[in-house]
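Student: I keep meeting labels for residues and contacts. Can we test them against their definitions?

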Amino acid sequence: MKDDFERITVVSVTGLQSVAEGAVRAIAKSCGEMPGAKAMLISPERPASAPGWLRHVPVRPFGYTDYSLFVLYVLGHFIETEFALIVQNDGWVLSGRNWRSEFLQY
């Protein structure tokens, strides 16, 4: 499993600074369930609660449409692993024990 997790970046993208703290929690919870995964937050500012191991990429504030365009056309340029798992302030990995290597086939 750990070998799989090392191939994944857990990332959250938000143009709304108001949800960035929640995104940090979602990334941290997810990485806790996926040891070895990389971690990245893309937001206007780095939240004070962001741990040192979390990579932050600053962006200008943006809304829903720009979020979709960013994820489709830009996000891949920032990911240095083979795969990315997008989490959000209201959605994260609940149990890494449920991981299956077959997930990487999709």
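Tutor: Start with Asp66, which is partly exposed at a relative accessible area of 32%. This is a predicted model, where local features need pLDDT of at least 70, side-chain atom pairs count only at pLDDT 80 or more, and totals for chains, interfaces and linings use all residues. Residues are numbered from 1 along each chain as its sequence is written, and side-chain values use heavy atoms, with hydrogens and water left out.

Student: Why is Asp66 called partly exposed?

Tutor: Buried means under 20% relative accessible area, exposed means over 50%, and partly exposed lies in between (1.4 Å probe, protein chains only). Asp66 has 32%, so the label is partly exposed.

Student: What makes Arg60 exposed?

Tutor: Its relative accessible area is 56%, and the cut-off is over 50%, so Arg60 is exposed.

Student: How do you know that Asp66 and Arg60 meet in a salt bridge?

Tutor: A salt bridge needs a side-chain nitrogen of Lys or Arg within 4 Å of a carboxyl oxygen of Asp or Glu. Asp66 and Arg60 have N to O at 3.7 Å, so the pair qualifies. Side chains of opposite charge can pair when their charged atoms come close.

Student: How many salt bridges does the structure hold?

Tutor: It holds 3. In another of them, Arg7 pairs with Glu82, the closest N and O atoms being 2.8 Å apart. That pair links distant parts of the chain, 75 residues apart. Glu82 is exposed at 55%, while Arg7 is partly exposed at 29%.

Student: What does the salt bridge of Glu80 with Arg55 tie together?

Tutor: Glu80 and Arg55 have their closest N and O atoms 3.7 Å apart. Glu80 lies in the loop between helix 3 and strand 4, and Arg55 in strand 3, so the pair ties together parts 25 residues apart in sequence. Helices (H or I, at least four residues) and strands (E, at least two) are DSSP runs, numbered from the N terminus.

Student: Why does Glu80 count as exposed?

Tutor: Glu80 has 71% relative accessibility, and exposed means over 50%, so the label holds. Arg55, at 33%, counts as partly exposed.

Student: What about Leu72: buried or exposed?

Tutor: Leu72, found in helix 3, has 64% relative accessibility, so it counts as exposed.
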